[in-house]
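Dear colleague,

I am passing a structure on to you, with the sequence and the coordinates placed just below. Please look through them before you read my notes, which follow directly after.

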Amino acid sequence: MTLSPDPQFGDKLINLMAALVLVLQIAMAGHRWLVTNIRIFGVQPFLLASIAATIGWFNHAPHLYFAAILTLALKGIVVPRLLEQVVQRVGIRQEIEPLVNQPLSAIVSGGLTLLGYVVAESFHRPDAGGAPESLGHNTLAVAVSLFLIGFFMMINRRKAVTQVLALLSLENGLFLAAISLTYGMPLVVELGVFFDVLVAVMVLGVLVHRIREAFDSMDVSKLDQLRG
Amino acid sequence: MILPALFLVPFAAGVLSYLARRRQQMEAINLGAFALTFVLAVGLAAQVVRDGAVEALGGFLYADAVSALVAGLTALVGLVTAVYAVGYLRDDERNGVLGGAPQGPSPHAKLRNCYALTPLLVASILLVALANNLGVMWVAIEATTLASVFLVGFYGRATSLEAAWKYAIIGGVGLSMALFGTVVTYYSARALPGADTLAGLNWSVLAARAGELDKAGMRLAFILILLGYGTKAGIAPMHTWKPDAYSEAPVPAAAILSSAMLNCALYGLIRYYALAHRSLGDGFVPQLLILFGLLSMGLSVPFVLVQRNFRRLLAYHTIDHAGIMVTALGIGGALGTLGLMLHMTYHTIAKSLLFLCAGNVYQHYRTDVFHDIKEGVIRSMPLTGAIFLMATLAIVGMPPFSLFQSEFLIVNAAFAGGHYLAGVLFVLFGAGVFAGAILHVGKLVLGPVGPEVPAPRRPWRDSALLAMGALLVAIAFWLPGPLLALIRSAAQVVAGE
């Protein structure tokens, strides 16, 4: 089968995959088990990489393939494994125990999605939907929503690992914004982004481990000695 | 050739220190590298004053007066704290506070971490100042966070880990917003020629054609950048990591964080201010900056007044000064930006000196709570006590010290620019911080004669203190011509005149 280079088709494909990423993000916000959360997080990069590859295909921007492969390797494979290892090594409880309960979290996430669409309104250009260089511009709303839901998850969760996870899913939103708004930033920047995600996870991984040693717990709400 | 060498020298020093086996080697590598970095930074400043902006590596590195000023201040703080750190860390090792728990890292490994991470931190701050591409600048700012997280958690106590955790998470969120802002800036610049090349995000390119940037995009980008780099600079309400991080990091590192790293975060903000202000004009951008600046100043007042811990007091003081500088940036114009650049210079010298004094007091009494120190510091540590008091007078803006001049200039600029409410609040908040700091530090230094034994002579630290103290006094009366020229042209770069 040959893939027809019809921009309309590409636009629909990208919208579909972006919607799936958003659904996964809301599912993450509403789910109660830690390992499931990490696995849902692990699926998102596959979709993001496909979006990057699709935009790269229609725009003839080969460096986006590189970004897609990096995303897949780092955020799709390395990072989830690392996080699962941390979870196993420190043997924390599997339940997430958010501050706001799960059904309400899902509703809040829905509200944040609405907010994302309002913020992205001024960038929305429905008339340009057909041109190849504007592919995926309309996914900015999804990117902003991912970002906001990531924020919400950070506030809503008390365990150190879940906060790291929320930070990383927030960065997924960034990646989507970067590829959809600018069809890939200059390559130096992409490299930097991935390098930093990787190192950040290592830093946080070490810290998570040492917090466990020092507090016998992964509950960041116990980190309250420093005040005033 | 100065530009690449300037950040590669401390970078190499970090790597070498990590490989070194003995303490003396690490000390020698650090001292040598920071001395060389300082010479290079002075050389760069001289070149910029003489020839204007310079480029290297095909436009990848770019230094105008703002970069040269920030790099020079960073190198100065780096050198002085490197000298100080030799004495401080030797005492730490002797006092056994580096730990030696059965499973934990050995004291030697910890020492190595500190000696390797400090030059890496300085190297990334210098890269922030020298990078032309706004994306590379963001990467370098993230690198400063990575290097400093381990410095904040250095002592491995429960409180240090808490501080490091807060710092990493809040800093991470801030930087993600800054990256979003960088992405949106790139989007706003998509119509410029060459936008799809590597040079598309170069500041020198964007600043020349700032008028053609997409206005809606720049508006969103500036909000995100202000929140993002504002978190890194510790302006309210994103400041909560700051008192914890500054009071838990080893004192030489805290001195770098409170002066050089603050400058580097403000530097990022200044670069985007220049773009956004040229694109959007007066109104939105200055108002937002003044709002956040005054909020930081106002918020630090009660915390300075009731503070019980002197390192946290200094941290809230830094929040106040970050607010002052952001307000000055918002007031803008020739006068406001000149005040900003002068204030940045003076604050760097005074604040790092204060942290070095606080480190001496902390190490001698083994506490940083005012209440637990029963005697006047000046009784057993005359030099430290005297310089501590002097630097406090300087930082709260007491004439004849130079921070009075810069703050006076900023207030002048506020009234001249029609920001009457901002000017009045600026003076009020300044008075509040003045009262709090003088009260606390005055009591600490000039207390009664107590039972403590006088401190022994500390050649490394005393010489660092004396050098920085002499500099603080000297610039109160005489600012060298070339330095003033550099500061003036830095202000012109920001004001765009």
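In chain A, among the contacts between residues at least 6 apart in sequence, 79% join residues at least 24 apart. Please keep in mind throughout that this is a predicted model, which scores ipTM 0.86 and pTM 0.92. For chain B the average pLDDT is 91, and 98% of its residues score at least 70.

Chain A itself

Chain A contains seven helices and zero strands, so that its pattern, read along the sequence, is α-α-α-α-α-α-α. Of the 228 residues in chain A, 49% are buried.

One helix pair in chain A that I looked at is H2(A), residues 34-59, with H6(A); these two pack at an angle of about 10 degrees, and their axes are 11 Å apart. Since angles under 35 degrees count as roughly parallel, H2(A) and H6(A) are therefore roughly parallel to each other. From H2(A) the residues taking part include Leu34(A), Phe41(A), Leu48(A) and Ile55(A), and among those they meet on the H6(A) side are Val161(A), Leu168(A), Phe175(A) and Ile179(A). Sorted by class, this contact of H2(A) with H6(A) has 13 nonpolar, five polar and no charged residues.

Where the two chains meet

The contact between the chains draws on 32 residues from chain A and 33 residues from chain B. On the chain A side, the elements that give two or more residues are helix H5 (140-156), helix H6 (160-182) and helix H7 (187-215), and the largest share, 13 residues, comes from H7(A). By class, the side of chain A that touches chain B is made up of 23 nonpolar, six polar and three charged residues.

Which helix of chain B has its axis within 9 Å of the axis of H6(A)? That helix is H6(B), and the two axes cross at roughly 5 degrees, which makes H6(A) roughly parallel to H6(B). Among the H6(A) residues in this pairing are Leu167(A), Leu170(A), Glu171(A), Leu174(A) and Leu181(A), while H6(B) contributes residues including Ile169(B), Val173(B), Phe180(B), Val183(B) and Tyr187(B). The contact of H6(A) with H6(B) has 14 nonpolar, four polar and one charged residues.

Val183(B), one of the residues that H6(B) brings to this contact, lies in helix H6 of chain B, which covers residues 158-188. Is Val183(B) buried or exposed? Because it has 28 C-beta neighbours inside 10 Å, Val183(B) counts as buried, the cut-off being 20 or more. Val183(B) and Ala221(B) are 38 residues apart in sequence, with a C-alpha to C-alpha separation of 8.0 Å in space.

The nonpolar core

The largest nonpolar core has 267 residues, and those with the most contacts inside it are Leu176(A), Leu6(B), Leu130(B), Leu269(B) and Ala391(B). Helix H10 of chain B, residues 251-280, gives the most to this core, with 20 residues. Leaving aside residues up to four places away in sequence, Leu6(B) touches Thr37(B), Leu40(B), Ala41(B), Leu44(B), Ala71(B), Leu126(B) and Leu130(B). Leu176(A), for its part, is also among the H6(A) residues that meet H2(A).

Backbone details in chain B

A cis peptide bond joins Ala236(B) and Pro237(B), with omega about 0 degrees, and Pro237(B) sits in the loop between helix H8 (215-233) and helix H9 (241-248). Another cis peptide bond joins Pro399(B) and Pro400(B), with omega about 10 degrees; Pro400(B) is placed in the loop between helix H15 (382-395) and helix H16 (402-416).

Two residues have a positive phi although neither is glycine. Leu57(B) has a phi near 50 degrees and belongs to the loop between strand S1 (54-56) and strand S2 (61-63) of chain B; with 11 other C-beta atoms within 10 Å, Leu57(B) is exposed. Arg366(B) has a phi near 60 degrees and is found in the loop between helix H13 (333-365) and helix H14 (377-380) of chain B; Arg366(B) is likewise exposed, because 10 other C-beta atoms lie within 10 Å.

With kind regards

Notes
Residues are numbered from 1 along each chain as its sequence is written. Chains are lettered from A and ligands numbered from 1 in the order in which they are written. This is a predicted model: local features need pLDDT of at least 70, side-chain atom pairs count only at pLDDT 80 or more; totals for chains, interfaces and linings use all residues. Two residues are in contact if their C-beta atoms, placed from the backbone, lie within 7 Å. Helices (H or I, at least four residues) and strands (E, at least two) are DSSP runs, numbered from the N terminus. Ala, Val, Leu, Ile, Met, Phe, Trp, Tyr, Cys and Pro count as nonpolar, Asp, Glu, Lys and Arg as charged, and the others, Gly among them, as polar. pLDDT is the predictor's confidence in each residue, from 0 to 100. A residue is buried if 20 or more other C-beta atoms lie within 10 Å of its own, exposed if 12 or fewer, and partly exposed in between; C-beta atoms are placed from the backbone. Axes are lines fitted to C-alpha atoms, for helices over the stretch in contact, and angles run from 0 to 180 degrees between N-to-C directions. Angles under 35 degrees count as roughly parallel, over 145 as roughly antiparallel, 65 to 115 as roughly perpendicular and the rest as oblique. A nonpolar core is a set of buried Ala, Val, Leu, Ile, Met, Phe, Trp, Tyr and Cys residues joined through C-beta atoms within 7 Å.
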